[in-house]
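Open the model in your viewer and keep the selection panel handy. We will go from stop to stop, and at each one you will get something to pick and something to look for.

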Amino acid sequence: MASEIDMSRLDITRQNVAVEKALANTTNPRHRYLLQAYLRHRYLESAGRWQEILDPSLTVDKPFYRFNLAGREPFTLEGKEQVGMLYGHWTATNQCIFYVEDEDVAVGDHMVIGRGIGYQQTLGAELAAAGLDVDPTAMYLKKSQIMMLWPYDDHCRLLGEDVWEFDTAKSGLYKLDPADVLTAAQSRELLDPFIKPLPVFDDSMLPR
(Lines give C-alpha, C1' and ligand atoms only; values in the text may rest on other atoms or scores of the structure.)
Protein backbone atom coordinates (compact mmCIF):
# COMPACT_ATOMS: atom_id res chain seq x y z
CA MET A 1 0.00 0.00 0.00
CA ALA A 2 1.43 3.36 -1.04
CA SER A 3 1.45 6.08 1.59
CA GLU A 4 1.43 9.27 -0.47
CA ILE A 5 -0.15 10.62 -3.62
CA ASP A 6 0.31 13.91 -5.43
CA MET A 7 -3.13 15.45 -4.94
CA SER A 8 -2.24 18.54 -6.96
CA ARG A 9 -3.01 16.72 -10.22
CA LEU A 10 -6.40 15.43 -9.09
CA ASP A 11 -9.24 17.86 -9.74
CA ILE A 12 -12.83 16.71 -9.34
CA THR A 13 -14.03 19.35 -11.80
CA ARG A 14 -11.97 17.55 -14.48
CA GLN A 15 -13.30 14.05 -13.80
CA ASN A 16 -15.34 14.10 -17.02
CA VAL A 17 -12.96 15.66 -19.55
CA ALA A 18 -13.06 12.49 -21.69
CA VAL A 19 -16.87 12.59 -21.76
CA GLU A 20 -16.83 16.28 -22.68
CA LYS A 21 -14.34 15.55 -25.48
CA ALA A 22 -16.50 12.71 -26.83
CA LEU A 23 -19.54 14.99 -26.75
CA ALA A 24 -17.70 17.76 -28.60
CA ASN A 25 -16.80 15.28 -31.38
CA THR A 26 -20.26 13.71 -31.70
CA THR A 27 -22.96 14.91 -34.11
CA ASN A 28 -25.50 12.05 -33.99
CA PRO A 29 -28.46 13.45 -31.98
CA ARG A 30 -29.13 10.21 -30.11
CA HIS A 31 -25.47 9.72 -29.21
CA ARG A 32 -25.21 13.32 -28.06
CA TYR A 33 -28.23 12.87 -25.79
CA LEU A 34 -26.76 9.67 -24.31
CA LEU A 35 -23.44 11.38 -23.59
CA GLN A 36 -25.23 14.31 -21.95
CA ALA A 37 -27.26 11.90 -19.79
CA TYR A 38 -24.08 10.03 -18.88
CA LEU A 39 -22.29 13.29 -18.07
CA ARG A 40 -25.15 14.56 -15.92
CA HIS A 41 -25.32 11.27 -13.99
CA ARG A 42 -21.61 11.27 -13.19
CA TYR A 43 -21.59 14.87 -12.01
CA LEU A 44 -24.72 14.33 -9.91
CA GLU A 45 -23.17 11.29 -8.26
CA SER A 46 -19.99 13.05 -7.14
CA ALA A 47 -21.98 16.13 -6.11
CA GLY A 48 -24.04 13.99 -3.74
CA ARG A 49 -27.22 14.84 -5.66
CA TRP A 50 -28.01 11.15 -6.09
CA GLN A 51 -31.79 11.49 -5.81
CA GLU A 52 -31.78 13.29 -9.18
CA ILE A 53 -30.06 10.30 -10.79
CA LEU A 54 -33.17 8.22 -10.07
CA ASP A 55 -35.50 10.67 -11.83
CA PRO A 56 -37.55 8.83 -14.48
CA SER A 57 -35.99 11.00 -17.20
CA LEU A 58 -32.57 9.51 -16.44
CA THR A 59 -33.18 6.00 -15.08
CA VAL A 60 -35.73 3.24 -15.66
CA ASP A 61 -38.00 2.11 -12.82
CA LYS A 62 -36.01 -1.07 -12.11
CA PRO A 63 -32.31 -0.49 -12.83
CA PHE A 64 -29.89 -3.40 -12.45
CA TYR A 65 -26.29 -2.79 -11.37
CA ARG A 66 -23.48 -5.37 -11.49
CA PHE A 67 -20.14 -4.77 -9.80
CA ASN A 68 -16.94 -6.78 -10.14
CA LEU A 69 -14.50 -4.96 -7.86
CA ALA A 70 -10.90 -5.94 -7.13
CA GLY A 71 -10.59 -7.86 -3.88
CA ARG A 72 -14.34 -8.30 -3.41
CA GLU A 73 -16.96 -10.83 -4.36
CA PRO A 74 -19.13 -9.69 -7.29
CA PHE A 75 -22.44 -8.19 -6.21
CA THR A 76 -25.59 -6.78 -7.75
CA LEU A 77 -28.17 -4.11 -6.97
CA GLU A 78 -31.70 -4.29 -8.30
CA GLY A 79 -34.28 -1.54 -8.23
CA LYS A 80 -34.13 2.12 -7.25
CA GLU A 81 -34.35 1.39 -3.53
CA GLN A 82 -31.15 -0.69 -3.47
CA VAL A 83 -29.33 1.65 -5.86
CA GLY A 84 -30.42 4.67 -3.83
CA MET A 85 -29.17 3.09 -0.61
CA LEU A 86 -25.67 2.75 -2.10
CA TYR A 87 -25.63 6.30 -3.46
CA GLY A 88 -27.00 7.64 -0.18
CA HIS A 89 -24.39 5.78 1.86
CA TRP A 90 -21.55 7.03 -0.33
CA THR A 91 -22.79 10.61 -0.03
CA ALA A 92 -23.30 10.45 3.75
CA THR A 93 -19.76 9.08 4.23
CA ASN A 94 -17.99 11.26 1.62
CA GLN A 95 -17.28 8.22 -0.55
CA CYS A 96 -19.06 9.74 -3.55
CA ILE A 97 -15.82 11.53 -4.45
CA PHE A 98 -14.31 10.20 -7.68
CA TYR A 99 -11.33 11.35 -9.72
CA VAL A 100 -10.64 9.99 -13.22
CA GLU A 101 -7.51 9.97 -15.38
CA ASP A 102 -6.55 8.62 -18.83
CA GLU A 103 -10.13 7.78 -19.74
CA ASP A 104 -11.49 6.72 -23.12
CA VAL A 105 -15.23 6.99 -23.80
CA ALA A 106 -17.30 5.45 -26.58
CA VAL A 107 -21.01 5.69 -27.32
CA GLY A 108 -23.42 3.51 -29.30
CA ASP A 109 -27.17 3.51 -29.84
CA HIS A 110 -27.85 1.75 -26.52
CA MET A 111 -24.74 2.11 -24.41
CA VAL A 112 -21.88 4.28 -23.19
CA ILE A 113 -18.55 2.65 -22.37
CA GLY A 114 -15.71 4.19 -20.38
CA ARG A 115 -12.25 2.85 -19.51
CA GLY A 116 -9.63 4.63 -17.43
CA ILE A 117 -7.91 5.08 -14.09
CA GLY A 118 -10.35 5.78 -11.29
CA TYR A 119 -9.88 7.02 -7.73
CA GLN A 120 -12.53 6.82 -5.02
CA GLN A 121 -12.41 8.17 -1.50
CA THR A 122 -12.94 5.13 0.70
CA LEU A 123 -13.39 4.82 4.45
CA GLY A 124 -10.59 3.08 6.29
CA ALA A 125 -13.21 1.39 8.45
CA GLU A 126 -14.74 -0.31 5.40
CA LEU A 127 -11.33 -1.32 4.06
CA ALA A 128 -10.43 -2.75 7.46
CA ALA A 129 -13.70 -4.67 7.54
CA ALA A 130 -12.69 -6.19 4.19
CA GLY A 131 -9.49 -7.48 5.80
CA LEU A 132 -6.98 -4.81 4.76
CA ASP A 133 -4.30 -3.59 7.15
CA VAL A 134 -5.29 0.08 7.27
CA ASP A 135 -6.11 2.79 9.77
CA PRO A 136 -9.87 2.42 10.35
CA THR A 137 -10.15 6.05 11.44
CA ALA A 138 -8.64 7.46 8.22
CA MET A 139 -9.93 8.15 4.72
CA TYR A 140 -8.13 6.55 1.79
CA LEU A 141 -7.98 7.09 -1.94
CA LYS A 142 -8.41 3.81 -3.79
CA LYS A 143 -6.89 3.78 -7.27
CA SER A 144 -7.68 1.15 -9.89
CA GLN A 145 -8.14 0.45 -13.56
CA ILE A 146 -11.87 0.59 -14.25
CA MET A 147 -14.18 -0.23 -17.12
CA MET A 148 -17.85 0.66 -17.19
CA LEU A 149 -20.62 -0.30 -19.58
CA TRP A 150 -23.90 1.52 -19.08
CA PRO A 151 -26.85 0.22 -21.14
CA TYR A 152 -29.79 2.47 -22.07
CA ASP A 153 -33.31 1.87 -23.38
CA ASP A 154 -34.81 3.31 -26.57
CA HIS A 155 -35.66 6.54 -24.74
CA CYS A 156 -32.08 6.97 -23.44
CA ARG A 157 -32.93 6.04 -19.86
CA LEU A 158 -30.29 4.16 -17.90
CA LEU A 159 -31.01 0.44 -17.55
CA GLY A 160 -28.18 -0.13 -15.09
CA GLU A 161 -24.42 -0.31 -14.80
CA ASP A 162 -21.79 -2.99 -15.38
CA VAL A 163 -18.62 -1.97 -13.55
CA TRP A 164 -15.29 -3.82 -13.52
CA GLU A 165 -12.33 -2.86 -11.36
CA PHE A 166 -8.94 -4.44 -12.05
CA ASP A 167 -6.01 -4.88 -9.68
CA THR A 168 -3.07 -3.92 -11.89
CA ALA A 169 0.36 -2.32 -11.59
CA LYS A 170 -1.45 1.03 -11.72
CA SER A 171 -3.57 0.21 -8.66
CA GLY A 172 -2.90 1.78 -5.26
CA LEU A 173 -4.29 2.66 -1.88
CA TYR A 174 -3.32 6.01 -0.38
CA LYS A 175 -4.00 7.30 3.12
CA LEU A 176 -5.25 10.86 2.82
CA ASP A 177 -4.21 13.77 4.96
CA PRO A 178 -7.42 15.14 6.52
CA ALA A 179 -6.81 18.39 4.65
CA ASP A 180 -7.03 16.49 1.33
CA VAL A 181 -10.36 14.82 2.10
CA LEU A 182 -13.13 16.38 0.01
CA THR A 183 -16.58 16.34 1.57
CA ALA A 184 -19.75 15.74 -0.42
CA ALA A 185 -20.82 19.31 0.39
CA GLN A 186 -17.55 20.74 -0.93
CA SER A 187 -17.80 18.57 -4.03
CA ARG A 188 -21.34 19.78 -4.68
CA GLU A 189 -20.24 23.40 -4.48
CA LEU A 190 -17.50 22.71 -7.04
CA LEU A 191 -19.62 20.63 -9.41
CA ASP A 192 -22.99 22.41 -9.38
CA PRO A 193 -21.91 24.83 -12.16
CA PHE A 194 -21.12 21.83 -14.42
CA ILE A 195 -24.48 20.08 -13.99
CA LYS A 196 -26.64 21.00 -16.97
CA PRO A 197 -30.28 20.10 -17.68
CA LEU A 198 -30.88 17.56 -20.42
CA PRO A 199 -32.32 18.72 -23.74
CA VAL A 200 -35.91 17.76 -24.54
CA PHE A 201 -36.05 14.20 -25.86
CA ASP A 202 -37.76 13.96 -29.25
CA ASP A 203 -38.25 11.41 -32.03
CA SER A 204 -34.96 12.36 -33.70
CA MET A 205 -33.21 10.68 -30.78
CA LEU A 206 -34.94 7.32 -31.14
CA PRO A 207 -32.76 4.48 -32.52
CA ARG A 208 -33.00 3.94 -36.27
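**Stop 1: the strands**

Select S4 together with strand S5 (residues 139-151): the two pair in the antiparallel sense over 13 bridges. Strands here are DSSP runs (E, at least two residues), helices are runs of H or I of at least four, and both are numbered from the N terminus; two strands pair if DSSP finds at least two bridges between them. Within this pair, look for Val112, which stands opposite Trp150 in S5.

Before moving on, note that this is a predicted model, where local features need pLDDT of at least 70 and side-chain atom pairs count only at pLDDT 80 or more, while totals for chains, interfaces and linings use all residues. Residues are numbered from 1 along each chain as its sequence is written, and side-chain values use heavy atoms, with hydrogens and water left out.

A hairpin of two residues joins S3 to S4, and Val105 stands opposite Gly114 in S4.

**Stop 2: the core**

Select Tyr99 and Leu141. Of the 52 residues in the largest nonpolar core, these two touch the most other members. Such a core is a set of buried Ala, Val, Leu, Ile, Met, Phe, Trp, Tyr and Cys residues joined through side-chain atoms within 4.5 Å; buried means under 20% relative accessible area, exposed over 50%, and partly exposed in between (1.4 Å probe, protein chains only). The largest share of this core, eight residues, comes from H2.

Show the surroundings of Leu141: leaving out residues up to four places away in sequence, its contacts (heavy atoms within 4.5 Å) include Ile5, Met7, Tyr119 and Leu176.

**Stop 3: the salt bridges**

Which side chain meets that of Arg66 in a salt bridge? Select Asp162: the N to O distance is 2.7 Å. A salt bridge puts a side-chain nitrogen of Lys or Arg within 4 Å of a carboxyl oxygen of Asp or Glu, and the count comes to ten. Arg66 is partly exposed at 41%, whereas Asp162 is buried at 10%.

Next, pick Glu165 and Lys142, whose side chains meet at 3.0 Å, N to O. The pair links strand S6 to strand S5, 23 residues apart.

Finish with Asp153 and Arg157, another salt bridge, at 2.8 Å.
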